[in-house]
Amino acid sequence: MKEVSKIINKVLKKDGVKNFEEILDQINEMISYTDLEGKIYYLNIAFAEFLGDSKENIIGKEEGCYLPVELKDICLQNNRDAYKNGILKKVDIFDGRIFEVFKSKVSFKEEKQKNIKIFTVIKIKDC
């Protein structure tokens, strides 16, 4: 899985964030970039639809604004673990659904994106 992290970083550096985000908006899995405290810098359309709000309203807010308290704590710990270890892959079960979570530590060269630390992909399945 560390290879996935390397590929993500390579694509972001080569193709630029904007082009990469246009591609991510076409993916059905939920995708986001956050800092370690959960501030959302980007999320794709699928994630915005899951949260029930527009991308424009969500970006800049904390993930916890949209999550139940018990998920907020899990999410923040997952961010810390992914940052510490470079990658995190786990499965959480909540509210009768399976959340397959993949998080990877990322870095950006652009000044306005230097706080982004975590790239997240979440796939949801019913139990």
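Mentor: Start with the buried residues of helix 5: L71, C75, L76, N78, N79 and A82. This is a predicted model. Viewed down the axis of helix 5, these buried residues fall within an arc of 160 degrees, so they line one face of the helix. An α-helix has 3.6 residues a turn, so residues three or four places apart point the same way. The face of helix 5 turned away from the buried side carries V69 and K84, which are exposed.

Now the dimensions. Helix 5 has 17 residues. From first C-alpha to last, helix 5 reaches 25 Å, close to the 24 Å expected at 1.5 Å a residue. Just after helix 5, G86 takes a positive phi of about 90 degrees.

Next, what the buried face meets. The buried residues of helix 5 pack against strand 1, strand 3, strand 4 and strand 5. These strands belong to an open sheet of five strands, with order 2-1-5-4-3 and antiparallel pairing. Strand 2 (40-43) and strand 3 (87-94) are the edge strands, and each pairs on one side only. From one strand to the next, the twist averages 20 degrees. Helix 5, residues 69-85, packs on this sheet, and its direction makes about 165 degrees with that of strand 3.

Strand 1 (residues 30-34) and strand 5 (residues 118-126) pair in the antiparallel sense over five bridges. S32 has T120 in strand 5 as its bridge partner.

Note on methods:
Residues numbered from 1 in each chain as written. Predicted model: local features only at pLDDT ≥ 70, side-chain atom pairs only at ≥ 80, totals over all residues. Heavy atoms only, no water. Pairing = 2+ DSSP bridges. Helix = DSSP H or I, 4+ residues; strand = E, 2+ residues; numbered from the N terminus. Axes fitted to C-alpha atoms, helices over the stretch in contact; angles between N-to-C directions. Contact = heavy atoms within 4.5 Å. Expected span 1.5 Å × (residues − 1). Buried < 20%, exposed > 50% of the residue type's maximum accessible area, 1.4 Å probe, protein only. Arc of directions from axis to C-beta.
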